[in-house]
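Colleague: I have a model open and want to learn how to read it. Can you take me through it feature by feature?
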Amino acid sequence: KQWYQRRVRGPFINCFSLYFQHLNVTLSKEEMDRFFNGEMVKVDFGEHEGWEPFYSSLKFWEDLLRYEIPVIENIIQFDHPVRVLHGIDDITIPYTHMLSQNLHKVFSSPDLLIKLIKDCDHVLISSE
């Protein structure tokens, strides 16, 4: 595997926490019971961002919430080195949008490195 395809574990900015609230809308009562009992369930958020249905468990969401970085007054409170990896072929969030966000003003960390990865999409999978 390429270095950018290795599993990375927290902390990170967690956009998925917003979707956790929508699970009770997308899952049936039986699926919610299974989900909260630790079983894998199929999650389908419809055509959002071109997502396909995926299997998920409560452990996945608990991990996401545990590693979430706090944001206070629009400043991401993280005083450690920050590394942002972004695929140039990302159509979900174009790299030009990410660059326009002035990340040097958003992070409290004095050590910020942004790396653009050629021929990679939103989930850093190479198109080759």
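Colleague: Start with Phe36. Is Phe36 buried, exposed or partly exposed?

Modeller: This is a predicted model. Read burial from relative accessible area: under 20% is buried, over 50% is exposed. Phe36 has 46%, so Phe36 is partly exposed.

Colleague: And Phe35: buried or exposed?

Modeller: Phe35 is buried, because its relative accessibility is 0%.

Colleague: How many aromatic pairs are there?

Modeller: Look at ring centres and at the angle between ring planes. The count comes to two aromatic pairs. Phe35 and Phe36 form one of them, with 5.1 Å between the centres and 85° between the planes. That pair is edge-to-face.

Colleague: Why is the pair of Phe60 and Trp61 edge-to-face?

Modeller: Planes over 60 degrees apart count as edge-to-face. The planes of Phe60 and Trp61 stand at 85°, so this pair is edge-to-face. Their ring centres are 5.3 Å apart. Now check burial. Trp61 is at 1% relative accessibility, so Trp61 counts as buried. Phe60 is at 34% and counts as partly exposed.

Colleague: Which residues make up the largest nonpolar core?

Modeller: General idea first. In soluble globular proteins, nonpolar side chains tend to be buried together. Here the largest nonpolar core has eleven residues, including Tyr19, Leu23, Leu27, Phe35, Leu58 and Trp61. Met32, Val41, Val43, Phe45 and Leu64 also belong to this core.

Colleague: Which elements give two or more residues to this core?

Modeller: There are three to find: α3 (29-36), β1 (41-43) and α4 (58-66). The largest share comes from α4, with three residues.

Colleague: Take one core member. What is Leu27 in contact with, beyond its neighbours within four places in sequence?

Modeller: Leu27 is in contact with Met32, Phe35 and Val43, and also with Val41 and Lys42. Another core lies apart from the largest one. That other core has seven residues, among them Ile76, Phe78, Met98 and Leu103.

Colleague: What does the side chain of Ser109 reach at 2.5 Å?

Modeller: The backbone oxygen of His80. A polar atom of the Ser109 side chain also lies 3.1 Å from the backbone nitrogen of Asp111.

Colleague: Now the whole chain. How many helices and strands does it have?

Modeller: Six helices and six strands. From the N terminus the order is α-α-α-β-β-α-β-β-β-α-α-β. For contacts between residues at least 6 apart in sequence, 58% join residues at least 24 apart.

Colleague: What share of the residues is buried?

Modeller: Of the 128 residues in the protein chain, 25% are buried. The chain exposes about 9300 Å², and carbon and sulfur atoms supply 55% of that area.

Definitions and conventions
Residues numbered from 1 in each chain as written. Predicted model: local features only at pLDDT ≥ 70, side-chain atom pairs only at ≥ 80, totals over all residues. Heavy atoms only, no water. Polar contact = N/O pair within 3.5 Å; in protein donor to acceptor, adjacent residues only side chain to side chain. Phe/Tyr/Trp six-rings, centres within 6.5 Å; stacked < 30°, edge-to-face > 60°. Buried < 20%, exposed > 50% of the residue type's maximum accessible area, 1.4 Å probe, protein only. Helix = DSSP H or I, 4+ residues; strand = E, 2+ residues; numbered from the N terminus. Contact = heavy atoms within 4.5 Å. Areas by Shrake-Rupley, 256 points an atom, 1.4 Å probe, with all protein chains shown as cover. Core = buried A, V, L, I, M, F, W, Y, C linked by side-chain atoms within 4.5 Å.
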